[in-house]
Amino acid sequence: MKPASSVVLSALAAILCACEPGESAWETKVDFTEQFFQPENDVRLGRSEALYVPVYSSVLTGEGARPTELAATLSIRNTDLASPIFVTSVTYYDTAGQLIETFLEGAHGLGPMASASIIINVSDTRGGLGANFIVEWGAEKAVSDPIVEAVMIGSSGTHGFSFTSQARGLNSGGQ
């Protein structure tokens with residue numbers, strides 16, 4: 001029988017990496033594009049917007065400001081009851097503003113009231129303290145704004161913690 005602390009740590013690891021117990025947090029990768037539908041025709045976006053989403057791969061904790069690694073989930077939620085939105089780009093940048101990864105390019109539809117998520121595993125520390133996503137989306141007609149946010153979760157010793165950050169629209173320079 002496993003000690004209770006081992007069971008708790010296994011459960012926390014499964015939460016942090018969004019994987020099943022026994023799977024490795026370092027090997028789990030979700031295919032983000034499966035959460036979308038492919039449009040049948042060319043999409044003509046009547047409205048589009050770029051969003052900045054702060055995300056944290058780690059935070060400084062304790063004496064000496066030691067880094068604590070975090071798992072992060074980018075969540076994109078279509079809040080419109082009747083119409084799809086189209087996510088055209090999702091890119092991930094590190095603290096220095098360098099592109100880490102492009103998760104999505106081209107119009108991918110997200111149906112009414114549907115959600116999509118990208119998971120950055122706790123073992124993926126490439127983003128650092130000031131990582132961010134840029135999410136570009138649009139719609140063919142007027143729709144409710146999507147909710148785009150990041151949820152971070154981590155632990156230090158026997159304490160677990162989580163927090164969120166909200167997307168902010170990027171100024172298009174008055175265009």
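Leaving aside its neighbours within four places in sequence, which residues is Ser89 in contact with? I will come back to that in a moment, after a word on the model.

What we have here is a predicted model, in which local features need pLDDT of at least 70 and side-chain atom pairs count only at pLDDT 80 or more, while totals for chains, interfaces and linings use all residues. Residues are numbered from 1 along each chain as its sequence is written, and side-chain values use heavy atoms, with hydrogens and water left out.

Let me start with the overall layout. The protein chain has one helix and ten strands, where helices (H or I, at least four residues) and strands (E, at least two) are DSSP runs numbered from the N terminus. Of the 175 residues in the protein chain, 38% are buried; buried means under 20% relative accessible area, exposed means over 50%, and partly exposed lies in between, with a 1.4 Å probe and protein chains only. If we take contacts between residues at least 6 apart in sequence, 75% of them join residues at least 24 apart, a contact being heavy atoms within 4.5 Å.

Now back to the opening question. Ser89 lies in strand E4, residues 85-93, and with a relative accessible area of 12% Ser89 is buried. Its contacts, with neighbours within four places left aside, are Leu104, Ile134, Val135 and Glu136.

Strand E4 also belongs to an open sheet of five strands, which has the order E5-E4-E7-E1-E10 with antiparallel pairing. E5 and strand E10 (168-169) stand at the edges with a single partner strand each, so one side of each is left without a neighbour in the sheet. Two strands count as paired if DSSP finds at least two bridges between them, and E4 and E7 pair in the antiparallel sense over seven bridges. To give one example in E7, Asn132 is the bridge partner of Tyr93.

Next, the nonpolar core, by which I mean a set of buried Ala, Val, Leu, Ile, Met, Phe, Trp, Tyr and Cys residues joined through side-chain atoms within 4.5 Å. The largest one has 29 residues, and those that touch the most other members are Val55, Leu74, Ile76, Val90, Tyr92, Phe133 and Val135. The elements giving two or more residues to this core are E1, strand E3 (66-77), E4, E5, E6, E7 and E8. As for Phe133, the residues it touches, not counting those up to four places away in sequence, include Leu51, Val55, Leu74, Val90, Phe103 and Ile120.

Finally, the charged pairs. Side chains of opposite charge can pair when their charged atoms come close. Glu49 forms one with Arg47, their closest N and O atoms being 3.8 Å apart, and Asp145 forms another with Arg47, at 2.4 Å. Asp145 lies in the loop between strand E7 (132-139) and strand E8 (147-156), and Arg47 in strand E1 (residues 47-54), so this pair ties together parts that are 98 residues apart in sequence. A further salt bridge joins the side chains of Arg126 and Glu101, at 3.0 Å from N to O. Through shared partners, salt bridges join Arg47, Glu49 and Asp145 into one network.

Methods: A salt bridge is a side-chain nitrogen of Lys or Arg within 4 Å of a carboxyl oxygen of Asp or Glu.
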